[in-house]
Amino acid sequence: MALAPPKVAFITGCNGVSGNALVEYLLRRPKEEWSRIMVTSRSPLKNFWQDPRVEFVAIDFLEPVDVIIQKMLPFCQGVTHAYFTSYVHTDNFMRLRDLNVPLFENFLTAVDTVAGESLQRVCLQTGGKNYGCHLGPVEVPLHEGMSRYDDHGLNFYYSQEDFMFRLQAQRKWSWNVIRPGGIIGFTPGKNGMSEAITLALYILVCKELGETPRFPGNKYFYNAVDDNSYAVSLADMSVWASTHEHTKNEAFNHANGDTFVWKYLFRDIGRYWGVEIPEQTSWPELGDKGVYANEFKMANWAEDKKAVWEKVCDKYGGSREAFDWGTWGFFDWSIGKAWPTISSISKARKFGWNRYDHTFETWVETFKTFANAGVLPGEHMVKALPNGTGSTAIGVKVNGTTKPQSNHGNPEEEASPIVAA
């Protein structure tokens, strides 16, 4: 039996958590299945993939669409599968629509024009805000059958979907919408929303100061059941949904498949970094009024902590610049809710998607990947040296990153360069 023609991917936002994971996922597929992987971002490429199938083109999808089309023409005429993971973040929810609607409309207009008849599937990644869970209490678990809430024209996901639906009605290609929750995963550069690196920075700075980390949210959410979306798993679902006939023109929620309680996840993440976090019993904010409530704001806490982080890097390794990657305002929102926001993935299960990930393990894998990239220190180095004693590892700076070295040997031989963020 003859093999199906190989597919050609076009992935936006390749420097972000979702786009990077998609590229990594497809690189693990044979070239007979995916012959070319076109990647784009409006910022310079922050990762170098050692696979000739990857081709990068710098595109700002907020430029005029005619300019975008001209940039894509030499690269994208054979694209079969287009994955949109681009996102412009601001902590001001009122401005999200103005930034993200034209971003997607320009992308879709351009790829539809350039790829033409070769285009088979468009995959749009949105998220839990589709259900209004960022505004206040809603029906849970979140499910794909829920009606749109009255968004007063502000929810940009609705505008993105409606534009795609209108255009697809005139075309042969099909669509998918993937809706993750809070995404845990590696990103090769600064990202608008990153729970993992933000919490790592917080705990490691507290460790260096000899302070016990306190949960920045409220008593309700500390004890609440929550879920996450691992970027690697999210890539798996996106490719699964976009390459099967029975899944075309369907939206799917994404989650890891398990749930957790923040009280225990917060404790376990502390232990990973060698910090014992006892159960918190005193609460200035109870989270009992159905509105956002934070014991303290992470953005305020972080204002004078960069110098402490630099000491952490000098002692254990890691990138001094990584402190600027902390998404403090986003994390305040993530754990300051006073209502549940878990998602159902029953629909995806019924359609045949069976992947499962243990959430704490996905945090650990993400921390290890950041450490391998020189962004965070490695856990073994953090646990090996005491905090708050002035002990300092002998180090060498490579591309702005302090790499811990032993007292013996040539540091140039032991250090390996990393791609600077």
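Is the crossing of α3 and α4 left-handed or right-handed?

Reply: The crossing of α3 and α4 is right-handed, that is, the near helix is turned clockwise from the far one by less than a right angle. Do keep in mind that this is a predicted model, where local features need pLDDT of at least 70 and side-chain atom pairs pLDDT 80 or more, while totals for chains, interfaces and linings use all residues. Residues are numbered from 1 along each chain, and side-chain values use heavy atoms, without hydrogens or water.

Helix α3 covers residues 96-115 and α4 covers 156-168 (helices are DSSP runs of H or I, at least four residues; strands are E, at least two). Their axes, lines fitted to C-alpha atoms over the stretch in contact, lie 8 Å apart at an angle of about 20°. The two are therefore roughly parallel (under 35 degrees). On the α3 side, the contact (heavy atoms within 4.5 Å) includes Leu96, Asn100, Phe104 and Leu108; from α4 come Phe156, Ser159, Gln160, Phe163, Met164 and Leu167. By type, the contact residues divide into 8 nonpolar, 4 polar and 3 charged.

Lysine 129 counts as buried because its relative accessibility is 10% (buried means under 20%). Leaving aside neighbours within four places in sequence, lysine 129 is in contact with Leu96 as well as Tyr87, His134, Tyr149, Asn155 and Tyr157.

Another lysine, lysine 46, sits in the loop between β2 (34-41) and β3 (54-58). Lysine 46 also counts as buried, at 18% relative accessibility. The C-alpha atoms of lysine 46 and threonine 187 are 9.1 Å apart, although 141 residues separate them along the chain.

Now for the wider picture. Leaving aside neighbours within four places in sequence, phenylalanine 367 is in contact with Ala196, Ala200, Ile269, Tyr272, Trp273 and Leu376.

In α8 (262-272), Trp262, Ile269 and Tyr272 are among the buried residues. After α8 comes glycine 274, with a positive phi near 80°.

Conventions
Axes fitted to C-alpha atoms, helices over the stretch in contact; angles between N-to-C directions. Parallel < 35°, antiparallel > 145°, perpendicular 65-115°, else oblique. Nonpolar A, V, L, I, M, F, W, Y, C, P; charged D, E, K, R; others polar. Buried < 20%, exposed > 50% of the residue type's maximum accessible area, 1.4 Å probe, protein only.
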